[in-house]
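I opened a new notebook page for this structure.

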Amino acid sequence: MQDVENIVNGQKLFLKPEYQEVFKNKKQFEGHAGASNPEKVIDIAKWTTTWEYREKNLAREHITINPAKACQPLGAVMAALGFENTMPYVHGSHGCVAYFRSYFTRHFKEPTPCVSDSMSESAAVFGGLANMKEGLRNCKALYKPDMIAVSTTCMAEVIGDDLNAFVIGARKDAEGELDNTPIPAAHTPSFVGSHITGYDNMMNAILQELNMVEEGVEVEKDAERINIIPGFEPYLGSLKEVKKIASMFSDKIVMIGDHEEQWNTPAGEYKLYAGGTPLAVAKTARSAAATISLQKYSTQATAKMIKGDWKQNYATCNPIGLGGTDAFVMKLSELTGKPVPKELTLQRGQLVDAMQDSYPYMHGKKFAIWGDPDFLLGVVSFLVEMGAIPVHVLCHNAPRKNWEKEMQAILDKCTFKEECHIWAGKDLWHLRSLLFTEPVDFMIGNVYGKELYRDTKIPLIRIGFPIFDRHHLHRYSISGYEGALNLLTWITNSVLDALDEETKDIAKTDYFFDCVR
Ligand code: SF4
């Protein structure tokens, strides 16, 4: 039991004799009841590492185990928080919103503002209009947002609530209280797509709502204005880095959906809203000469709207790694008509130099990697640039069209391309089978690879989303030349850590336990 004079955390608490006794009794009881047979458990665990089990596991279709994706409204919340004084509002059950908030808060170590209209059993039967009417008014009165961005959970989608009609109804009923508040609304059904689809749907809804013009009205273009949409970006340092690079070309390049400050507030008085793209700037997004999306597959619907309705020049760049950053920099140079600034050329040279230093250690190393489609395209490109072998590239939320083709084109550049496999639509329990049957040297992915590390002993390099069990990684950039340097540092040093581990045995392997690597 806890002692008030000496409170201990869970790590030590459960080692106390009274808890150990409880665990022993529990095991004994389960054994007697026939619920578990320790020998059988060991046998089955061994069997799960075999090729036979792998075949069965890969044939699995109707259940997901340890997913490598989150649900749509979570992405919608991130998109909403990229705008000034905006409250993400989720039409649905409160438990879902508690999950979104805690997910982001554990990753960023910052509070996450987001409300729900707490639909419960009666709303599931009669529809959620009453919740929406009351919820939007309460949200405005209590939290005073300038914009309320509405998304939905599974419950609202399963019963078929008509979001647009509900928002119109709620506005009418609000006695003027919601009159000057934009309320973009996006259907974000979680049983299709993933958090990146939700991000896309909400970004699309916000941009449409803020840039509405009457039919036939021509919007005057600002030839120098360029929008950058970051996509579902969990690395706040990447947002900062991209803005820094853009500012070297022009001060008329603006980020649309900039959530950097929201999750990076200083200690002191708590502010509900922080940073974000000013609504006045977002309202003129349509007049820009061009828009660049940094994540093609997180902005597909938004791209369609911008190209089709706004008739705007639209490009996608993925500024991760050397080649990816080069393409982004050259796109900015092309759109602004300005040469690449000297500072960037210098950064590039420094990165290439560092890559040359580390190349011998990364070359030929085998990796398993998982994450979102754009993240994977960027980081796998970088691994290939470094001569590494991405043996297993797993994308649970892989888009149906084109993504695999794009990834294959990257893997085709790998010297050992025959060893590389793309696993689209597979989860981390699938990956477990792959790792046991075709092992790799390192894994790159989010916190949920921790169990894989425990089972397979393959070192996990934490890059991706979410990362709950390590601090401050999200503050760094993985984009731009500086970001590529961070990737290089994290990955190479993990390789060197492993090398030290393998060579530390005195008089056995320490002939290579060197101080200079
Ligand atoms: S999958 Fe559906 S029920 Fe689960 S958290 Fe997401 S919206 Fe809620």
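Where is the place of Asn-402? I found Asn-402 in the loop between strand S9 (389-395) and helix H18 (403-411). Helices (H or I, at least four residues) and strands (E, at least two) are DSSP runs, numbered from the N terminus.

Before going on, I noted the ground rules. Residues are numbered from 1 along each chain as its sequence is written. The model is predicted, so local features need pLDDT of at least 70, side-chain atom pairs count only at pLDDT 80 or more, and totals for chains, interfaces and linings use all residues.

I looked up the backbone of Asn-402. Its phi is positive, about 70 degrees, although Asn-402 is not a glycine. Is Asn-402 buried or exposed? Asn-402 is exposed, with 12 other C-beta atoms within 10 Å. For the cut-offs, a residue is buried if 20 or more other C-beta atoms lie within 10 Å of its own, exposed if 12 or fewer, and partly exposed in between; C-beta atoms are placed from the backbone.

Then I moved to Trp-403, which lies in helix H18. Trp-403 counts as buried, with 20 C-beta neighbours inside 10 Å. Which residues is Trp-403 in contact with, leaving aside its neighbours within four places in sequence? I listed Tyr-297, Pro-373, Cys-395 and Ala-398. Contact here requires C-beta atoms, placed from the backbone, within 7 Å. Pro-373 is 30 residues from Trp-403 along the chain, and their C-alpha atoms are separated by 7.2 Å.

**Entry: helix H17**

I checked its length. H17 is mostly covered, as 13 of its 13 residues are buried. Gly-387 follows H17 and has a positive phi, near 80 degrees.

I found another positive phi at Ser-118, about 45 degrees, although Ser-118 is not a glycine. Ser-118 sits in the loop between strand S2 (115-116) and helix H7 (121-126). Ser-118 is partly exposed, with 17 other C-beta atoms within 10 Å.

I also noted a cis peptide bond between Phe-465 and Pro-466, with omega about -5 degrees. Pro-466 is in the loop between strand S12 (460-462) and helix H21 (480-502).

**Entry: the ligand**

Which residues are around the ligand? I wrote down Cys-71, Pro-73, Cys-96, Tyr-99, Thr-153, Cys-154 and Ser-190. A residue is near a molecule if its C-beta atom, placed from the backbone, lies within 6 Å of it. This shell has five nonpolar, two polar and no charged residues.

**Entry: the whole chain**

I counted 21 helices and twelve strands in the chain. The radius of gyration is 25 Å, close to the 24 Å that the globule rule gives for 517 residues, so the chain is as compact as a globular protein of that length. The radius is taken over C-alpha atoms, and the rule is 2.2 Å times the number of residues to the power 0.38. The C-alpha trace spans about 80 × 65 × 50 Å along its principal axes. Buried residues make up 45% of the 517.

Technical notes: Nonpolar A, V, L, I, M, F, W, Y, C, P; charged D, E, K, R; others polar. Contact = placed C-beta atoms within 7 Å.
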